[in-house]
Amino acid sequence: MQLCLDVGNSHIFGGIFNDDKISLRFRHATALHNTSDELGIFLKAVIKENGCDIKKIKDIAISSVVPSLDYSLRSACIKYFNINPLFISSEIKTNLTIKIDQPSELGADLIADAVAATQLFPKKNIIIISMGTATTFSAINKKQEYLGVAILPGMRLSMEALQGNTAKLFAVEIMKPPSVLGKNTTASIQSGLYFGQLGVFREITQRITEEYFKDDAPVIIGCGGFSHLFEQEHIFTELMPDLILLGLKHILDLNRGPQK
């Protein structure tokens, strides 16, 4: 079995693979000052409480965009699982050609997403829209060349900016409102967050397609925590919440070989 961890700014999203199937998914709020013991104890507890045998975990892959946690994560894996984890970066084998100015700057999460997408849709042009703390648009062509990325604040970050920088606006539940025009403050904020993001989706995917994929329309994949809100908007070709876990598993297999 293999343990895959996506360490984001808001959550740690984890999954356990038994052969090629995900047998467990879990989330844990990211805390910037977690110790190795806190992380290790949590991982062992969530795995055990869900009926998985910790002793069967033979390898671990981690994509992290929180450098301050990397040391604690590595130490937790070594201390509690006796495994030195594979951290995803542009320097390991991915079968991608990363065509940006500084490949080392590309987030590990974006690399994992791209690897999974190219495995699922070989010889296809691809746009990945990932909705987490940030919303990102990654473009990969049919030759598995990662062409670049557009980054903007995600929905929760946008809401927190409104809350923190205005006197009378407040946090709301992030959801699709019944109308584009709100009749109260809550609905008005929800409308701006939802339809603003939807407009961004359409504008940026159209521009990427026109600039890079004019002769062969891309597959558009939605992933990340808020992507399900837009399932009925006909933006995505595929909605794939497990995309990053699939990418982590494939990269682990490429670099260390598959485990059962």
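Colleague: Which residues in helix 1 meet which residues in helix 2?

Modeller: In this predicted model, S36, D37, L39, G40, I41, L43, K44 and I47 of helix 1 are in contact with S72, L73, S75, A76, K79, Y80 and F81 of helix 2. Sorted by class, the residues of this contact comprise eight nonpolar, four polar and three charged.

Colleague: At what angle do helix 1 and helix 2 pack, and how far apart are their axes?

Modeller: Two packed helices are described by the angle between their axes together with the distance between those axes. Here helix 1, residues 36-49, and helix 2, residues 67-81, pack at an angle of about 55°, and their axes are 8 Å apart. Helix 1 and helix 2 are therefore oblique to each other, and their crossing is right-handed.

Colleague: In what order do the strands of the five-stranded sheet run, and which of them stand at the edges?

Modeller: The order in this open sheet is 3-2-1-4-5, and the pairing is mixed. Strand 3 (21-29) and strand 5 (86-87) are at the edges, where each has a single partner strand, so one side of each is left without a neighbour in the sheet. Helix 1 packs on this sheet, touching strand 1, strand 2 (11-18) and strand 3, and its direction makes about 135° with that of strand 3.

Colleague: In which sense do strand 1 and strand 4 pair, parallel or antiparallel?

Modeller: In a regular strand the side chains alternate between the two faces of the sheet. Strand 1, residues 2-7, and strand 4, residues 59-64, pair in the parallel sense over six bridges, and within this pairing L3 stands opposite I60 of strand 4. Strand 2 and strand 3, by contrast, run antiparallel and are joined by eight bridges, with G14 opposite F26 of strand 3. Strand 2 and strand 3 also form a hairpin with two residues between them, and D19 in the turn has a positive phi of about 60°.

Colleague: What is the strand order in the sheet of six strands?

Modeller: That sheet is also open, its order is 6-9-8-7-10-11, and its pairing is mixed. Its edges are formed by strand 6 (97-98) and strand 11 (238-239), each with a single partner strand, so one side of each is left without a neighbour in the sheet. Further in, strand 7 (residues 126-131) pairs with strand 8 (residues 134-140) in the antiparallel sense over six bridges, and I129 stands opposite F137 in strand 8.

Colleague: Which strands does helix 3 lie across?

Modeller: Helix 3, residues 108-120, lies across strand 6, strand 7, strand 8, strand 9 (145-153) and strand 10 (219-223), and it runs at about 135° to strand 7.

Colleague: At what angle do helix 3 and helix 6 pack?

Modeller: Helix 3 and helix 6 (residues 243-256) pack at about 85°, with their axes 7 Å apart. That angle makes helix 3 roughly perpendicular to helix 6. Among the residues that meet are I111, V115 and L120 in helix 3, and L243, L246 and I251 in helix 6. The residues of this contact divide into eleven nonpolar, three polar and two charged.

Colleague: Are helix 4 and helix 5 oblique or roughly perpendicular to each other?

Modeller: Helix 4 (residues 155-165) and helix 5 pack at an angle of about 140°, with their axes 10 Å apart. Helix 4 and helix 5 are therefore oblique to each other, and helix 4 passes helix 5 in a right-handed crossing. The contact brings M155, S158, M159 and L162 of helix 4 against I189, L193, Y194 and Q197 of helix 5; by class, it has six nonpolar, two polar and no charged residues.

Colleague: How many aromatic pairs does a search of the whole structure find?

Modeller: A pair of aromatic rings is described by the distance of the centres and the angle of the planes. The search finds seven aromatic pairs. One of them joins F201 and F236, whose ring centres are 6.1 Å apart and whose planes stand at 50°, so the pair is tilted. F201 belongs to helix 5 (residues 185-212) and F236 to the loop between strand 10 and strand 11, so the pair ties together parts that are 35 residues apart in sequence.

Definitions and conventions
Residues are numbered from 1 along each chain as its sequence is written. This is a predicted model: local features need pLDDT of at least 70, side-chain atom pairs count only at pLDDT 80 or more; totals for chains, interfaces and linings use all residues. Side-chain values use heavy atoms; hydrogens and water are left out. Two strands pair if DSSP finds at least two bridges between them. Helices (H or I, at least four residues) and strands (E, at least two) are DSSP runs, numbered from the N terminus. Contact means heavy atoms within 4.5 Å. Axes are lines fitted to C-alpha atoms, for helices over the stretch in contact, and angles run from 0 to 180 degrees between N-to-C directions. Angles under 35 degrees count as roughly parallel, over 145 as roughly antiparallel, 65 to 115 as roughly perpendicular and the rest as oblique. A crossing is left-handed if the near helix is turned anticlockwise from the far one by less than a right angle, and right-handed if clockwise. Ala, Val, Leu, Ile, Met, Phe, Trp, Tyr, Cys and Pro count as nonpolar, Asp, Glu, Lys and Arg as charged, and the others, Gly among them, as polar. Rings of Phe, Tyr and Trp (its six-membered ring) pair if their centres lie within 6.5 Å; planes under 30 degrees apart count as stacked, over 60 as edge-to-face and the rest as tilted.
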